[in-house]
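Dear colleague,

Please find below the structure that I am handing over to you, followed by an account of what was found in it. I would be grateful if you read the two side by side.

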Amino acid sequence: MHTVNILTHLVESNLALAYLLIFLITIVEGEIIAIAAGILVLLGAINFWIALVLIFLGGMVKTFAGYFIGRFLHTKFQDHRFFQYVEKRVLGIMPHFREKPFWSIFISKFIMVNHLVILFAGYHNIDFKKYLKAEVSSTLFWAPGMILLGYFFSY
């Protein structure tokens, strides 16, 4: 219990830094930081709604950055063997990606290949409106779900 009190006090005394780290780390690794945010919400160290908004915004930054990095990689390295390998791996996990990109992108948010699918969507120049609609709708479920997962399982 002593360690929990130290953690809570550390986060509360550096609240702006904690929120900044939640936002920045969500861009790179959202699941772990969202679950950790849920734990901190349960401890009373951070506000649920602020954490939810920051995790959603971090997820959206990852969404935009990944898509446009994928488009850039397509223009520079269109026929590179590495990207043909990645394409084969993504299509092995998401075999209907080309026929149903919305559902493939939506479902990828909840499994560990989300980074690859985001880059792959940009690499294959999927319709941006459809891509954005899938990412926003999946993040609307994913962000509160992960925070609540951390909240309830840390209880």
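Does N125 count as buried, partly exposed or exposed? The model is a predicted one, and in it N125 has a relative accessibility of 47%, so this residue counts as partly exposed; the limits in use are under 20% for buried and over 50% for exposed. N125 sits in the loop that links α7 (114-123) to α8 (128-153). Although N125 is not a glycine, its phi is positive, at about 55°.

Overall architecture

The protein has eight helices and zero strands, and from the N terminus the order of elements is accordingly α-α-α-α-α-α-α-α. Along the principal axes, the C-alpha atoms fill a box of roughly 55 × 25 × 25 Å. Of the 155 residues, 40% are buried. Among contacts with a separation of 6 or more, 76% are between residues 24 or more positions apart.

Why is α6 described as largely enclosed by the rest of the structure? Six of its eight residues are buried, and α6 is therefore largely enclosed. The buried residues in α6 are P101, F102, S104, I105, F106 and S108, and they pack against α7 and α8.

I105 is a residue of helix α6 and is buried, with a relative accessible area of 1%. Apart from neighbours within four places in sequence, the contacts of I105 are with F97, V117, A121, I126, Y131, A134 and E135. One of these partners, A134, is 29 residues away from I105 in sequence, with 6.1 Å between the two C-alpha atoms.

Two packed helices are described by the angle between their axes and the distance between the axes. For helix α6 (residues 101-108) and α8, the axes come within 8 Å and cross at roughly 30°, and the crossing is right-handed. On the α6 side the contact involves P101, F102, I105 and F106, which meet K130, Y131, K133, A134, E135, S137, S138 and F141 of α8. By class, these residues divide into seven nonpolar, two polar and three charged.

Elsewhere in helix α8 lies L148. With a relative accessibility of 33%, L148 counts as partly exposed. L148 and W103 are 45 residues apart along the chain, and their C-alpha atoms are separated by 24 Å.

The packing of α2 with α4

The axes of α2 and helix α4 (residues 48-76) come within 7 Å, with a crossing angle of roughly 30°. This crossing of α2 and α4 is right-handed. From α2, the contact draws on Y19, I22, F23, T26 and I27, while α4 supplies I50, A51, L54, I55, L57, G58, G59, V61 and K62. The residues in the contact of α2 with α4 comprise 10 nonpolar, three polar and one charged.

Once neighbours within four places in sequence are set aside, L54 is in contact with Y19, I22 and F23. Between L54 and V117, 63 residues apart in sequence, the C-alpha to C-alpha distance is 22 Å.

The largest pocket

Which elements give two or more residues to the lining of the largest pocket? The volume of the largest pocket is about 170 Å³, and the elements concerned are α1 (2-13), α2 (15-28) and α3 (30-43). The lining consists of L10, V11, N14, L17, A18, L21, I22, I25, I33, A36, A37 and L40. Helix α2 provides the largest share of this lining, with five residues. In terms of class, the lining has 11 nonpolar residues, one polar and no charged. I22 belongs to the lining of the largest pocket and is also one of the α2 residues in the contact with α4.

Points to look at in the model

- N125, for its positive phi of about 55°.
- I105, for its relative accessible area of 1%.
- The contact of α2 with α4, for its right-handed crossing.
- The largest pocket, for a lining without charged residues.

With kind regards

Conventions
Residues are numbered from 1 along each chain as its sequence is written. This is a predicted model: local features need pLDDT of at least 70, side-chain atom pairs count only at pLDDT 80 or more; totals for chains, interfaces and linings use all residues. Side-chain values use heavy atoms; hydrogens and water are left out. On a 1 Å grid over the protein atoms alone, a cavity is a set of points where a 1.4 Å probe fits but cannot get out, and a pocket is an open set with protein on both sides within 12 Å along at least five of seven lines; lining residues have an atom within 4 Å of a point. Grid points are joined across faces, edges and corners, and a volume is the space filled by probe spheres set on the points. Helices (H or I, at least four residues) and strands (E, at least two) are DSSP runs, numbered from the N terminus. Ala, Val, Leu, Ile, Met, Phe, Trp, Tyr, Cys and Pro count as nonpolar, Asp, Glu, Lys and Arg as charged, and the others, Gly among them, as polar. Buried means under 20% relative accessible area, exposed over 50%, partly exposed in between (1.4 Å probe, protein chains only). Axes are lines fitted to C-alpha atoms, for helices over the stretch in contact, and angles run from 0 to 180 degrees between N-to-C directions. A crossing is left-handed if the near helix is turned anticlockwise from the far one by less than a right angle, and right-handed if clockwise. Contact means heavy atoms within 4.5 Å.
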